[in-house]
Amino acid sequence: MPGGARLTSGQPLTRPDLANDTGQIYQGPVVLLTDALTYSAADIFAGGFQDHRIGTVIGLDPNTGGGGANVWSHGRLLREIPSASLMLSHLPAGASMALAVRRSSRVGKNEGQPLEDVGVIADVLHERSLADTMWHSPDLLRFACGVLAGSTVYRIEVQPPEAAPDGVHVTLTTRNIGLLDFFLDGNKVLSAGVTPGLAQSFIVPLPANDLNPLRLTIKGFVALDGAGQLPAAVAVSTLSLGQHATMGMLRTFRAPLPVRR
């Protein structure tokens, strides 16, 4: 619909637990390079990258291509979706039409904005140089490295936790983080301040309804905003917990914030 009005509520194509079961492997800051030819799946990726504040979007053009949907013909809808659910009929005289489905809607500060026909607006623009055009973008890469060099890094380094009758014992070191929230199997059980750069130990209490938790998640925050609210977590570490035994780290996920200039 014009203006990006929603026809249906947003639904994930992949279960969140399957989409996030690996975590982030590379722990440093990142940037994303786009141009007007960034389209379709790459367009959707760029939108998610920006909405979740993974890093800075550096554009060779002001916008990406604006193609965040799959186009289905009327005939394909009839073939692949039961007619009773859509109440569609065959069109006369061989006529057909196309419909954009699985449109990607924005989240975060871009909540409700469409991606289709609009694209992703770059955070920073880089004007192509002659060297970029002739010799594999050396000026663009130099510019991107400069943005990376100015990025703030946020980390939670967690030592393997240990199970105890009074809770989960955790020792960790943080970087550029001031507050931690601890979750056991998705239930928040502890909030604590932290001093960046120092190894600190915590006892995470076991909830009464979950004495053998399987997963410990630690979310790191910078500080309260002007309204006294916590912004989105800037770093997240997720660890697998063994029952009644010493628990070893399964994986670590850290989400960097956008570049601070």
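This is a predicted model: local features need pLDDT of at least 70, side-chain atom pairs count only at pLDDT 80 or more; totals for chains, interfaces and linings use all residues.
Biologist: Is Phe49 buried or exposed?
Modeller: Phe49 lies in helix H2, as does Phe45, four residues away. Buried means under 20% relative accessible area. Phe49 has 7%, so Phe49 is buried.

Biologist: How are the rings of Phe45 and Phe49 arranged: stacked, edge-to-face or tilted?
Modeller: A pair of aromatic rings is described by the distance of the centres and the angle of the planes. Planes under 30 degrees apart count as stacked, over 60 as edge-to-face and the rest as tilted. Here the centres are 6.3 Å apart and the planes are at 35°, so the pair is tilted.

Biologist: How many residues apart in sequence are the parts tied together by Phe182 and Phe202?
Modeller: The ring centres of Phe182 and Phe202 are 5.3 Å apart and the planes are at 50°, so this pair is tilted. Both residues are buried. Phe182 lies in strand E9 (residues 179–184) and Phe202 in strand E11 (residues 200–204), so the pair ties together parts whose separation in sequence is 20 residues.

Biologist: Which residue has its charged end over the ring of Trp72?
Modeller: A charge sits over a ring if NZ of Lys or CZ of Arg is within 6 Å of the ring centre and within 35 degrees of the ring normal. Over Trp72, the charged end is 4.1 Å from the ring centre. The residue is Arg76.

Biologist: How far is Lys219 from the ring centre of Phe183?
Modeller: Lys219 lies over the face of Phe183. The distance to the ring centre is 4.9 Å.

Biologist: With which side chain does His126 make a polar contact of 2.9 Å?
Modeller: His126 lies in the loop between E5 and helix H5 (130–134). His126 has a relative accessible area of 11%, so it is buried. Among the residues it touches are Ile58, Gly59, Leu60 and Phe143. The polar contact at 2.9 Å is with the side chain of Asp132.

Biologist: How far apart in space are His126 and Pro62?
Modeller: In sequence, these two residues are 64 residues apart. In space, C-alpha to C-alpha, the distance is 9.3 Å.

Biologist: What is the relative accessibility of Thr174?
Modeller: Thr174 is found in strand E8 (residues 167–175). Its contacts include Arg155, Leu180, Val194 and Pro196. Thr174 counts as buried, with a relative accessibility of 4%.

Biologist: Which residue in E13 stands opposite Ile218?
Modeller: Strand E13 (residues 235–240) has five of its six residues buried, so it is largely enclosed by the rest of the structure. Six bridges join E13 to strand E12 (residues 215–221), and the two run antiparallel. Opposite Ile218 stands Ser237.

Biologist: Is Arg53 buried, partly exposed or exposed?
Modeller: Arg53 is found in the loop between H2 and E2. Its phi is positive, near 55°. Most residues other than glycine have a negative phi. With 32% relative accessibility, Arg53 is partly exposed.

Biologist: What is the phi of His136?
Modeller: His136 sits in the loop between H5 and helix H6 (138–149). At 74% relative accessibility, His136 counts as exposed. Its phi is a positive value, near 60°.

Notes
Residues are numbered from 1 along each chain as its sequence is written. Side-chain values use heavy atoms; hydrogens and water are left out. Buried means under 20% relative accessible area, exposed over 50%, partly exposed in between (1.4 Å probe, protein chains only). Contact means heavy atoms within 4.5 Å. A polar contact is a pair of N or O atoms within 3.5 Å; within protein, one must be able to donate a hydrogen and the other to accept it, and residues adjacent in sequence count only if both atoms are side-chain atoms. Two strands pair if DSSP finds at least two bridges between them. Rings of Phe, Tyr and Trp (its six-membered ring) pair if their centres lie within 6.5 Å; planes under 30 degrees apart count as stacked, over 60 as edge-to-face and the rest as tilted. Lists of a residue's contacts leave out its neighbours within four places in sequence.
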